[in-house]
Amino acid sequence: MATSIKKFLKVILAISAIGLLLSAIFVIQTIVNAPLNIFDEVVSSSSSKPGNDTKIFLERGAGTDLKMLENYHLFSESENSFDQWKSRESQNFSEIGNNKIIINKKIELSLPLRNECTLVYCFQKRIKFENIPAIFWKGLIGIEDERFLLHKGIDFKSLLRAFIHDIRVMRLEQGGSTLT
């Protein structure tokens with residue numbers, strides 16, 4: 001009796017292993033054959049061919065979160081800041097609290113940017129210097145080079161301090177902390 005149960009369990013285990021193997025093969029084949037460049041084609045064709053009607057809309061009656069729209073806006077082709085977009089489109093939606101909005105009139109959104117970075121987990125977007133939020137560059141200067149606005153690109157005081165420290169500890173431990 002016990003041997004027949006063991007044989008039965010071995011058969012079930014073998015069938016399960018074959019099922020898992022077939023499932024893995026199916027998933028891998030699906031991933032390999034997936035058209036991953038479909039969005040690149042939509043974005044490039046809509047931005048390179050004049051008159052193409054590929055557009056993205058927020059439909060009337062839809063609800064969404066302003067924070068999600070702001071995140072989308074960061075990676076869109078829009079030249080304006082999100083605050084400029086929000087003030088321009090404010091008559092087309094109603095705020096209902098907690099950053100939630102209801103769309104009153106169809107709103108066209110800018111198309112998403114095409115990623116030019118070929119590295120994994122990388123997204124590059126060039127923006128004008130005046131569109132960089134002040135909190136970003138003030139934080140960067142405060143962390144990396146608090147005297148950045150006082151020197152002409154090379155902070156000799158910071159370099160000398162780092163050099164003296166490195167000589168004291170007999171290894172390269174500090175840098176000059178200059179952004180340039």
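Surface patches are assembled from residues with over 30% relative accessible area and no salt bridge, like charges being joined within 9 Å and nonpolar side chains (Val, Leu, Ile, Met, Phe, Trp, Tyr) within 5 Å. The model is predicted: local features need pLDDT of at least 70 and side-chain atom pairs pLDDT 80 or more, while totals for chains, interfaces and linings use all residues. Residues are numbered from 1 along each chain as its sequence is written, and side-chain values use heavy atoms, with hydrogens and water left out.

Under these criteria, L160, F163, I164, I167 and M170 form a nonpolar surface patch with about 550 Å² of accessible area together. L160 belongs to helix α6 (residues 156-169); helices (H or I, at least four residues) and strands (E, at least two) are DSSP runs numbered from the N terminus.

An open sheet is formed by 3 strands in the order β2-β4-β3, with antiparallel pairing; two strands pair if DSSP finds at least two bridges between them. β2 (63-65) and β3 (93-97) stand at the edges with a single partner strand each, so one side of each has no neighbour in the sheet. From one strand to the next the twist averages 30 degrees (axes are lines fitted to C-alpha atoms, for helices over the stretch in contact, and angles between N-to-C directions run from 0 to 180 degrees). Helix α3 (residues 66-74) packs on the sheet and touches β2, β3 and β4, its direction making about 70 degrees with that of β2; contact means heavy atoms within 4.5 Å.

β2 and β4 (residues 100-103) pair over 3 bridges, and D65 stands opposite K100 in β4. The side chains of K100 and D65 also meet in a salt bridge at 2.8 Å, N to O (a side-chain nitrogen of Lys or Arg within 4 Å of a carboxyl oxygen of Asp or Glu). K100 lies in β4 and D65 in β2, so this pair ties together parts 35 residues apart in sequence. A search of the whole structure finds 5 salt bridges.

β3 and β4 pair over 4 bridges, with S94 opposite I102 in β4. Their hairpin has 2 residues between the strands, and N98 takes a positive phi near 50 degrees.

Definitions and conventions: Areas by Shrake-Rupley, 256 points an atom, 1.4 Å probe, with all protein chains shown as cover.
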